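Subject: Structure handover

Hello,

Here is the structure for your files.

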Amino acid sequence: MPYNEAKLPLAMHSLQYGTTCFTGIRGYYRDKGLLIFRLKDHWQRLVNNVKIAGIPFTLDWDFFQDTIIGLIKLNNPTHDIYIRPFLFAENEALSPRFDGLDYQLAVYVMEMGDYYDTTRGMKLITSTWKKNSNASIPSKAKLGGAYVNAALATTEAHRLGCDDALMMNELNEVVEASVANIAIVYKGEVLMPDIGEEQLEGITRDTIISFLQEENIPFRYGPIDRSLVYTCDELLLLGTASQVIFTYSIDGRVINSENKPGKICQILRDKFKKLIDEGKSPWLTRVDLL
Ligand code: PMP
């Protein structure tokens with residue numbers, strides 16, 4: 001339906017309590033077609049998220065894929081897009097819950113270029129807000145309400161004149177950025193928080209891991225404390241919106257004084273660009289446009 005005709009009740013459960021579950025997918029416009037990045041993996045993550053939250057909804061793969069491809073054809077974009085599928089409940093129910101609600105899938109698309117300015121490094125802070133513990137709100141699930149945590153951290157960063165924030169868990173390990181996974185380069189090795197930490201199972205993170213393996217760049221998973229972040233050679237943020245971006249400074253400590261992508265960042269960006277430009281990877285679903 002036309003965007004302006006999509007009306008929902010003010011009292012709807014998912015607006016009042018953030019009981020949505022969503023993902024964000026990039027579509028790259030190339031050669032009169034749209035290349036959707038890792039559509040099936042986004043579907044799988046949504047299915048897993050539904051399971052984690054206990055949302056009563058069965059998300060069929062064919063239905064999901066057809067809905068998104070159909071929507072792209074209807075919009076016929078001529079630029080890169082961001083695709084936002086989400087599950088929501090429009091019930092006017094007062095009790096906060098996931099069960100007993102009537103969930104539906106909605107998808108919209110919008111034009112999206114760079115989310116951050118990619119020509120310079122990010123100025124970051126470590127947020128004084130802790131990343132919500134997995135014991136309170138599961139970080140693996142992209143649940144709308146959980147993003148209040150990210151909003152608090154981002155707002156704090158902006159108040160201090162910075163671009164974004166890193167989040168620490170309750171053990172004071174740096175686990176992710178407000179809306180991106182992280183990786184650091186330390187003594188020639190790439191280090192990432194382990195998958196069981198308070199972080200989303202990021203699709204960009206997973207892509208980067210396979211790039212590192214292809215390039216035989218040493219990497220490992222492990223806890224990252226603040227001092228490691230302060231003394232690393234590169235601090236990268238990884239996400240669908242952010243893509244692969246580098247950090248200029250964190251809490252006023254300069255990581256990258258040249259303020260241009262470091263060696264590993266550049267390798268990863270080049271590989272990403274090549275993958276999209278070539279358009280042949282099994283990770284890409286091509287939609288031919290008019
Ligand atoms: N962590 C959080 C909290 C996020 O919101 C995102 C963006 N979806 C990511 C990490 C990166 O995940 P992905 O690469 O799947 O976009």
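This is a predicted model: local features need pLDDT of at least 70, side-chain atom pairs count only at pLDDT 80 or more; totals for chains, interfaces and linings use all residues.

Residues are numbered from 1 along each chain as its sequence is written, and side-chain values use heavy atoms, with hydrogens and water left out.

Ligand site

The ligand is surrounded by 15 residues, the closest being Arg45, Lys142, Tyr147, Thr204 and Thr240 (a residue is near a molecule if one of its heavy atoms lies within 4 Å of it). Polar contacts are listed next (pairs of N or O atoms within 3.5 Å; within protein, one must be able to donate a hydrogen and the other to accept it, and residues adjacent in sequence count only if both atoms are side-chain atoms).

- Tyr147: an N or O atom of the side chain is 2.5 Å from an oxygen atom of the ligand.
- Arg45: a polar side-chain atom lies 2.7 Å from a ligand oxygen atom.
- Ile203: a polar backbone atom is 2.8 Å from an oxygen atom of the ligand.

Cavity

Cavities and pockets were found on a 1 Å grid over the protein atoms alone: a cavity is a set of points where a 1.4 Å probe fits but cannot get out, a pocket is an open set with protein on both sides within 12 Å along at least five of seven lines, and lining residues have an atom within 4 Å of a point. Points are joined across faces, edges and corners, and a volume is the space filled by probe spheres set on the points.

The count is one cavity of 30 Å³ or more. The largest cavity holds about 50 Å³ of space. Its lining consists of Arg26, Tyr28, Phe37, His42, Ile203, Thr204, Thr240, Gln243 and Phe272. β2 and α5 (203-214) are the elements that give two or more residues to this lining (helices, H or I, at least four residues, and strands, E, at least two, are DSSP runs numbered from the N terminus). By class, the lining of the largest cavity has four nonpolar residues, four polar and one charged (Ala, Val, Leu, Ile, Met, Phe, Trp, Tyr, Cys and Pro count as nonpolar, Asp, Glu, Lys and Arg as charged, and the others, Gly among them, as polar).

Second largest pocket

The second largest pocket has about 430 Å³ of space. Of its 17 lining residues, Asp114, Gln243, Arg269, Phe272 and Lys273 lie nearest the centre. β2 (25-30), β13 (243-250) and α7 each supply at least two lining residues, and α7 gives the most, with six. The lining of this pocket has seven charged, five polar and five nonpolar residues.

Loop residues

Gly262 sits in the loop between β14 (253-254) and α7 (263-278). Gly262 counts as buried because its relative accessibility is 16% (buried means under 20% relative accessible area, exposed over 50%, partly exposed in between, with a 1.4 Å probe and protein chains only). Neighbours within four places in sequence aside, Gly262 is in contact with Glu234 and Asn256 (contact means heavy atoms within 4.5 Å).

Asn259 also lies in the loop between β14 and α7. Asn259 is partly exposed, at 26% relative accessible area, and has a phi near 55°, a positive value in a residue other than glycine.

Lys32, in the loop between β2 and β3 (33-37), has a positive phi near 55°. With 53% relative accessibility, Lys32 counts as exposed.

Regards
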